[in-house]
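Welcome, and take a moment to look around before reading on. The report below walks through the sheets and helices step by step.

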Amino acid sequence: FYVKLNNISDYPILQNLAIQKDVIIIGQNQFMPLWYTLKCKKSSIGSTLEIANQFQESGNFASAVPDFLSNDLVCSNDTNFGSLWGLNNTANPTIDINVCQAWAITEGNGVKVAVLDQGIELTHQDLSTNIFPLSYNTETNTSPSQIFGDHGTHCAGTIGAIKNNNLQVVGVSPQSKLMSVSNSLQGTPNSRIKRADGINWAWQNGADIISNSWGSAVQYQVIDDAINNAILNGRNGKGTLIVFATGNNNSSVSYPANINSNIIAVGALTSTGSRSSFSNYGTQLDVVAPGSNILSTVLNNGIGTKDGTSMATPHVAGVCALVLSANPCLTGQQVRDIIEQTSQKVGGYS
């Protein structure tokens, strides 16, 4: 972090506070001698942000600012990046997921995200190179996956659309691999047990995260058991992350998001930081994420805008992928804790 002295004679004050906070004075700026660069150690008392704030709030210095690690080039050259407010909200900069800063650390390499939905368009121009080789159609118990609508392709784009290809959009975790698990999501015979099959197939075939932008009006023990299997046994016992949409009824959190406290239950918010009018809420809600007016990939190599907790859920699945990419040794519980504890509180909600 950087500190500016009020006067050159204030250097002893800087030294004393640096000793108190257990930080290192790296050196004086050669062009502006009032400015100094300081560095935290593992033993420092607090994070860089906290310590920079303490230097500022001491009142002894003209300025103290953390050196944020971000790539200051254009964050992405994808042509519609400016419309992806959930990733980078220029109108309301505090209401997004800080993806540009995250990408300076990782873009999700090495993580597999299953999308249990209506199937991903495997040949989509903005997805194809990020598609995992294995896919599965739950309806016929065969591979590859099939297309039952454009919902799954939209969700997949938010998670892992290709970055910096001068084309369309980009996903939250653009180096992760997308695993397509298709289901009609209709109220047809065997549909629910087929969704359970999809969950089990995904974690057994190496999915680190399963993104679920769907619900059911009826609880099914077979679905509950599949979710438990993934949480307990996935990732060699560290736990596959299960992310579910809370529903769009402006009511209580829907099933299956409400059935297991180890699920990340995701609601939707708008670009101004308000709860989306349709988004379900309640004590079982874990986080909200961008879910209104979300641009992503759709069928026939296209892009389009959708609204829903379905659109918020893949934002969180993508964040899970970034976290696991940075540290694949984390358990599912640790990933959930990181995401919930580092979320910001918005609005006047209890």
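Which exposed residues does the face of α1 turned away from its buried side carry? They are Ile19 and Gln20. Here buried means under 20% relative accessible area, exposed over 50%, and partly exposed in between, with a 1.4 Å probe and protein chains only. Helices (H or I, at least four residues) and strands (E, at least two) are DSSP runs, numbered from the N terminus.

A word on the source: this is a predicted model, in which local features need pLDDT of at least 70 and side-chain atom pairs count only at pLDDT 80 or more, while totals for chains, interfaces and linings use all residues. Residues are numbered from 1 along each chain as its sequence is written, and side-chain values use heavy atoms, with hydrogens and water left out.

**The buried side of α1**

Leu14, Leu17 and Ala18 are the buried residues of α1. Seen down the helix axis, they fall within an arc of 105°, so they line one face of α1; the arc is that of the directions from the helix axis to the C-beta atoms. These buried residues pack against β1, β2, β3, β4 and α2. Just after the helix, aspartate 22 has a positive phi of about 60°.

**The four-stranded sheet**

Four strands make an open sheet with antiparallel pairing, in the order β2-β3-β1-β4. Its edge strands, β2 (23-28) and β4 (61-65), each pair on one side only. On average, neighbouring strands are turned by 25° against each other, direction ignored. Two strands count as paired if DSSP finds at least two bridges between them. The table sets out the pairings.

| Pair | Bridges | Sense |
|---|---|---|
| β2 and β3 | five | antiparallel |
| β1 and β3 | three | antiparallel |
| β1 and β4 | four | antiparallel |

To find your way along these pairs, look for valine 23 opposite cysteine 40 in β3, lysine 4 opposite tryptophan 35 in β3, and valine 3 opposite alanine 64 in β4. Strand β1 has a covered face with Val3 and Leu5, and an uncovered one with Tyr2 and Lys4.

Contact means heavy atoms within 4.5 Å. Axes are lines fitted to C-alpha atoms, for helices over the stretch in contact, and angles run from 0 to 180 degrees between N-to-C directions.

How do the two helices meet, and at roughly what angle do their axes cross? The axes of α1 and α2 come within 12 Å and cross at roughly 145°. Leu14, Leu17, Ala18 and Lys21 of α1 make the contact with Ile51, Gln54 and Phe55 of α2.

Four bridges join β10 (residues 264-269) to β11 in the parallel sense, and leucine 269 stands opposite proline 290 in β11.
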